[in-house]
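Reader: Hi! I would like to learn how to read side-chain contacts. Could you take me through some?

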Amino acid sequence: MKINGVTIADTFAEAFTMRVARLVITGRTAKWAREAATKLTGFATSVIGCKCEAGIERELTPAETPDGRPGISVLFLTMDKASLPEQLIVRVGQTVLTCPTTACFDGLPDAPDRLAVGKALRVFGDGFQASKVIGGKRYWRLPVMEGEFLVEETFGMLKGVGGGNFLILAADADAALAAAEAAVDAMTSLPGVILPFPGGVVRSGSKVGSKRYKNMVATTNDPFDPTLRAITQTALPEGVNSVLEIVLDGTDAPSIEAAMRAGIPAACRPGVNTITAANFGGKLGPHHFHLRKILA
Amino acid sequence: MLSLAARPDHVLLADCIAADRFAGLDANAIAALPVVHGGRPGTLGEFFKVRGGHSSIVRIEGDVPQVEAIGAGMAGGELTIDGSVGRDLGLAMAGGRIDVRGNAGDNAGGAPPGAARGMSGGEIIVRGNVGDEAGARMRRGMLAVTGDGGRGMGIGMIAGTVVVFGKAGPGAGRFLKRGSIVALASIERPATFRYACTYHPPYVGLLLRYLRSGVGVPVADRYIGGRYERYSGDLAELGKGEILQWVGE
């Protein structure tokens, strides 16, 4: 299969099950909602080193938010049930609670699994906090120097999908970057998906484990490193001198598929040789995104 | 659906009318529920024509200002009254929603005589005025009044929220421990409430938006995004409650 002369490899991206929460952060202006969301999702690229993966899903209009103010929807993922509330409590407490004018609401109200995030944060109020039930949901009002911070008592948790991906194999670094940027633009703001890495792009894709250091969980993906072409078992076709990866996390597999369907054709630009994907022979995760099937 | 068949000559105590209670009963069983008319026992069917049954969504047609204790102890469902009601509406109510398209008498959402707690959950919407001591000793829940409140609104509240769009009479919030009284017009505050600050309370915006979109109460934008003066009180009690008075956009 080819798109705009770019080969679509007959392979699949392998993804795994994660736990996901959606947070809706509102602020007096979109700027302050975005400030909080940016801080909240900082240092959250990969569970390998950050213990969580997070990103901005999309901006919300005032009509879409519970309090009628501009908002940002954020997806937050961890590998297990226990670490999701831990990460949320710490991060919301340090980045949203501290940010002027913001409030924090649950974006998965129908999820039966509930995480007591606001309930844990309430103790910052030192006994002066107050709860309110509005429309069957409990909120906590925390007095702060600015005025009040409002946070929902619980947040929904679903089984999500982490590690959807595709690799852009290009003739040079400029072509790879331009293709990656085009793909990210095409996938940004699609519902149910985040691209957790910087600008949505990864330059240092990894393989599981290490050939040399036994304590390393992940090391450079040497078959795709162009500088190692001559000394390793390379996976790169002739003429490829740079590779970038797009990693996708989402609330479910169809959302990831929809984003890949939008992103891959956008990446098929001049200078790009092949689009392929990372997998581990089906041993890592239950979600397999076959590139050609998605694009058919 | 209940519609008045015979106007009561005296006060009709009908604390059997509760949406969740009707959910398990057919029309005949509902009509057989006990009431007290002028101090004498009777049945609901002597005064109301009952249509339907086995539903927790109940409607009462017309004005029933002589009927008291409607929705007393109600724990779920929806009860709509198309006109005005008597005193003790939603007495010690625990859940569900009561929506009155008229006025309500004294002690709406309040407590039975001698009881420590009034309403402990649910919502009461009165699209008109309420009498004295509405929301008295409320423990949880929300009472919204689009008209005026009488004397002692929210007196002795333990928690919960009272919203009053019109004037609130003297003694509002007296002996309040926790809980909120949100006043969109004038309110006669007890001297034992102390001014804290003027700010945009985010929860009030959320609450008023809920009333507008979730309950269908017309709420102007100036209240949703408005500034409110916060008065803490009752300082003769725990002092963790508040009166939030709208002061402008």
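Reader: By about what are Arg261(A) and Glu257(A) separated in helix α6 of chain A?

Author: By about one helical turn, because the two are four residues apart in helix α6 (residues 253–267) of chain A. Helices (H or I, at least four residues) and strands (E, at least two) are DSSP runs, numbered from the N terminus. A word on the basis: this is a predicted model, where local features need pLDDT of at least 70, side-chain atom pairs count only at pLDDT 80 or more, and totals for chains, interfaces and linings use all residues. Residues are numbered from 1 along each chain as its sequence is written, chains are lettered from A and ligands numbered from 1 in the order in which they are written, and side-chain values use heavy atoms, leaving out hydrogens and water.

Reader: What do the side chains of Arg261(A) and Glu257(A) form?

Author: Side chains of opposite charge can pair when their charged atoms come close. Here Arg261(A) and Glu257(A) form a salt bridge, with the closest N and O atoms 3.9 Å apart; the term asks for a side-chain nitrogen of Lys or Arg within 4 Å of a carboxyl oxygen of Asp or Glu. Over all chains, the count comes to 20 salt bridges.

Reader: Which parts of chain A does the pair of Glu57(A) and Arg22(A) tie together?

Author: Glu57(A) meets Arg22(A) in a salt bridge at 2.8 Å, N to O. Glu57(A) lies in strand β4 (residues 53–60) and Arg22(A) in strand β3 (residues 12–26) of chain A, so the pair ties together parts 35 residues apart in sequence.

Reader: Are Glu57(A) and Arg22(A) buried or exposed?

Author: Both are buried. Buried means under 20% relative accessible area, exposed over 50%, and partly exposed in between (1.4 Å probe, protein chains only). Arg261(A), at 40%, is partly exposed.

Reader: How many aromatic pairs does the structure hold?

Author: Three, over all chains. A pair of aromatic rings is described by the distance of the centres and the angle of the planes. Rings of Phe, Tyr and Trp (its six-membered ring) pair if their centres lie within 6.5 Å; planes under 30 degrees apart count as stacked, over 60 as edge-to-face and the rest as tilted. For Phe105(A) and Tyr139(A), the centres are 6.1 Å apart and the planes at 75°, so this pair is edge-to-face. Phe105(A) and Tyr139(A) are both buried.
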